[in-house]
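I opened a structure file today and kept notes as I went. The entries are in the order in which I looked things up.

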Amino acid sequence: MLAGRARPLRAADMKKDVRILLVGEPRVGKTSLIMSLVSEEFPEEVPPRAEEITIPADVTPERVPTHIVDYSEAEQSDEQLHQEISQANVICIVYAVNNKHSIDKVTSRWIPLINERTDKDSRLPLILVGNKSDLVDYSSMETILPIMNQYTEIETCVECSAKNLKNISELFYYAQKAVLHPTGPLYCPEEKEMKPACIKALTRIFKISDQDNDGTLNDAELNFFQRICFNTPLAPQALEDVKNVVRKHISDGVADSGLTLKGFLFLHTLFIQRGRHETTWTVLRRFGYDDDLDLTPEYLFPLLKIPPDCTTELNHHAYLFLQSTFDKHDLDRDCALSPDELKDLFQVFPYIPWGPDVNNTVCTNERGWITYQGFLSQWTLTTYLDVQRCLEYLGYLGYSILTEQESQASAITVTRDKKIDLQKKQTQRNVFRCNVIGMKNCGKSGVLQALLGRNLSRQKKIRDDHKSYYAINTVYVYGQEKYLLLHDISESELLTEAEIVCDVVCLVYDVSNPKSFEYCARIFKQHFMDSRIPCLIIAAKSDLHEVKQEYSISPADFCRKHKMPPPQAFTCNTADAPSKDIFVKLTTMAMYPEDQYRDRLSRDMGNTDRIENLRKIWVFLKTAFHARLRCMCTCNRCTFCICQNFLNSDLLQSVKNKIFTAVLNRLRARVAEWGAMLLADDEGSITHQVHAVSSVEDSIFMESSHGPLFLEARHVTQADLKSSTFWLRASFGATVFAVLGFAMYKALLKQR
């Protein structure tokens with residue numbers, strides 16, 4: 001903006017090509033101008049009309065393909081002329097400086113004709129071209145200036161000569177410039193000041209560039225602005241020269257050695273008045289504006305492919321940007337945004353993006369102001385539910401400019417297909433959606449607000465028109481910070497497909513309403529019984545008197561029948577913030593794919609029978625190995641004595657100890673691996689399992705040469721039980737086989 005050449009514009013920043021049309025009275029030199037430009041010499045023979053000329057982008061100053069079109073009244077009809085006018089981007093009206101009649105026709109014929117064929121709100125830029133300046137020794141500018149002041153669509157006037165090639169290349173450069181950098185949207189010549197739309201756009205650019213939000217652009221911010229717009233830094237002396245120019249013209253243009261908004265706008269006004277409006281356009285297009293000073297769709301909505309069954313989340317770079325944005329506007333450093341601070345943040349938006357329901361969607365402080373965690377949560381929610389809107393909002397904040405990224409799409413992470421998570425039995429997602437389903441007035445809103453740490457007394461202060469159907473907050477699972485998004489699904493007999501898709505389902509019923517659970521059971525059977533989505537039933541309002549539910553079976557039996565955790569008692573009628581245990585459990589169920597969770601749940605419920613079988617085996621072996629056998633003869637030759645000696649032999653004791661040591665080591669390793677995950681399962685199921693295992697521990701006791709050996713069997717998994725049972729059966733079978741074989745051998749010897 002301040003010095004140096006403009007940065008090369010991207011393809012999205014400018015028009016794909018420029019079409020220049022030359023019109024004027026016959027014999028003013030239109031065709032000669034085109035041919036002199038192409039051949040760089042005056043043609044000896046001039047045809048009635050030149051063919052359309054295309055100049056490649058790499059030989060034009062603005063790096064844009066340019067088409068030059070000639071008009072001949074002798075060869076073309078009025079209809080063809082009108083068609084050419086409608087297709088042109090800029091029109092050069094050519095007159096001969098030595099022909100007053102051709103000058104008069106500019107206002108009497110050509111300008112009215114062109115304006116009739118174009119939209120009033122988007123007039124084509126016009127260039128007045130005075131040809132044959134080599135034939136006179138005076139200028140026509142005194143005659144042309146009043147015309148330029150009368151018609152604002154006239155960009156400039158150029159006097160040239162096709163014969164001696166004077167200002168030929170400049171003529172077409174100005175024509176290109178009038179298309180790519182038009183003055184009309186920026187400046188009002190009558191009032192000699194910038195138009196409101198231009199002021200609004202430059203004000204947004206100033207606020208984005210003011211990274212510390214102190215109302216001025218300091219040297220570091222000016223250098224950053226210069227680099228991202230023009231690719232060239234500014235020397236300290238150049239910065240000081242710019243500030244001196246501003247100080248000279250306006251008193252409050254510089255404050256505390258920084259450029260104020262008034263000074264910033266003054267500089268751009270000065271550039272436009274001096275014919276350097278391409279500088280202002282370079283800045284505007286770098287910040288996403290089109291020729292109408294609207295942010296382009298390519299800037300606001302960059303391409304982002306989202307395959308089915310994938311979700312969208314903000315990545316680490318996006319959270320760092322949002323953190324700096326929050327800090328920038330949190331002027332009082334209270335880790336919350338007051339209404340005035342939030343209004344200041346949204347000044348770079350064309351509208352206020354958040355309504356009053358946001359305060360009931362995310363965490364706020366005691367005064368109802370959005371906290372830092374709530375600020376990040378709201379952005380996470382927007383990204384998950386409507387990623388295009390998130391891209392738009394990041395565009396308004398200038399994410400791609402301040403982070404020097406290609407677009408806002410670099411702030412988004414598209415998660416992998418959920419089917420892959422189910423196959424790999426693990427997930428890389430950080431945001432999990434939970435649909436909260438239940439009858440009206442069953443306590444769903446209380447569950448949502450409890451996630452935000454609000455008890456019943458705080459919930460009663462929420463206005464009906466400010467209620468939200470969403471709530472989002474962070475939850476810690478195994479030391480990892482995850483986002484849990486709760487969505488209140490309205491009561492309906494049939495849920496839509498969008499209301500079914502989620503990571504976990506929370507079915508809520510009112511313990512004080514006998515008809516409440518029946519709706520949850522019906523919804524579960526209709527939509528989730530055969531699905532791969534884990535479900536958790538919440539017994540809401542547990543502080544009230546519990547009544548029997550009018551359903552064929554009780555909620556606890558229903559959960560047991562369908563292999564779900566038992567109903568979770570919940571209330572938000574507490575003095576402090578409600579418990580977050582159910583939210584940890586919901587997030588845990590969502591984090592681990594449904595197949596793994598249900599397999600683990602079924603395995604835990606079946607462990608009781610397996611443990612009992614294992615206990616019986618151990619009791620039998622204990623009796624076999626530890627019975628105090630007595631022989632009256634003590635001959636050491638009868639079968640009884642031989643068996644007793646065999647059982648007490650060092651060889652068998654050594655084999656026995658090695659087998660049980662291996663089993664014990666394997667069980668301990670598996671317990672360490674699964675212990676953390678099983679802690680999140682149903683507490684009632686675990687308690688039942690521990691009691692069963694305790695009885696086994698009491699009975700599993702073996703004596704060895706090294707003293708007593710205990711086998712800890714808490715949280716035994718299915719694989720562990722199968723492995724230990726196999727080894728126990730193998731050892732018992734080997735012992736019995738050896739005893740019987742030896743007895744048969746002795747019997748055969750005795751017969752002989």
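**Entry 1: overall.** I noted that this is a predicted model, so I looked up the confidence before anything else. The average pLDDT of the protein is 83, and 77% of the residues score at least 70. Over residues 625-634 the pLDDT is below 50, and this stretch has 18 contacts beyond near neighbours in sequence. Residues 676-721 also stay under 50, with 90 contacts in the model beyond four places in sequence.

I then took the totals. The protein has 752 residues, and 49% of them are buried. I counted 28 helices and 23 strands. For contacts with a separation of 6 or more, 73% are between residues 24 or more positions apart. The accessible surface is about 37,700 Å², and carbon and sulfur atoms hold 53% of that.

Entry 2: In what order do the strands of the open sheet lie? I read six strands in the order 17-18-16-19-20-21, with mixed pairing. Strand 17 (470-477) and strand 21 (568-569) are at the edges; each has a single partner strand, so one side of each has no neighbour in the sheet. As a reminder to myself, strands of a sheet pair through backbone hydrogen bonds, either parallel or antiparallel.

I went through some of the pairs. Strand 16 (residues 431-438) runs parallel to strand 18 (residues 480-488), and six bridges join them. C434 has L486 of strand 18 as its bridge partner. Strand 16 also pairs with strand 19, in the parallel sense, over five bridges. There, N435 stands opposite V505 of strand 19. Strand 19 pairs in the parallel sense with strand 20 (residues 535-540) over six bridges, and L507 has I537 of strand 20 as its bridge partner.

**Entry 3: strand 19.** How many residues of strand 19 are buried? I found seven of the seven (residues 504-510), so the strand is largely enclosed by the rest of the structure. Both of its faces are covered. V504, C506, V508 and D510 are buried on one side, and V505, L507 and Y509 are buried on the other.

**Entry 4: H487.** I picked H487, which is found in strand 18. Is H487 buried or exposed? Its relative accessible area is 12%, and the cut-off for buried is under 20%, so H487 counts as buried. Leaving out residues up to four places away in sequence, H487 touches R433, C434, N435, V436, Y469 and Y470.

**Entry 5: cysteines.** A disulfide is a covalent bond between the sulfur atoms of two cysteines. I searched the whole structure and found zero disulfides. C160 is in none; its nearest cysteine sulfur, that of C157, is 9.1 Å away. C160 has 0% relative accessibility, so I put it down as buried.

**Entry 6: an annotated span.** I checked the UniProt record, an unreviewed entry, which places "domain: EF-hand" at residues 317-352. In the model, that span is 56% helix and 6% strand. Its end C-alpha atoms lie 24 Å apart.

Terms used:
Residues are numbered from 1 along each chain as its sequence is written. This is a predicted model: local features need pLDDT of at least 70, side-chain atom pairs count only at pLDDT 80 or more; totals for chains, interfaces and linings use all residues. Side-chain values use heavy atoms; hydrogens and water are left out. Two strands pair if DSSP finds at least two bridges between them. Helices (H or I, at least four residues) and strands (E, at least two) are DSSP runs, numbered from the N terminus. UniProt positions are given in the numbering used here, feature names are shortened, and annotations may be inferred rather than shown by experiment. A disulfide is a pair of cysteine sulfur atoms within 2.5 Å. Buried means under 20% relative accessible area, exposed over 50%, partly exposed in between (1.4 Å probe, protein chains only). Contact means heavy atoms within 4.5 Å. Accessible areas come from the Shrake-Rupley method with a 1.4 Å probe; for residues, only the protein chains shown count as cover. pLDDT is the predictor's confidence in each residue, from 0 to 100.
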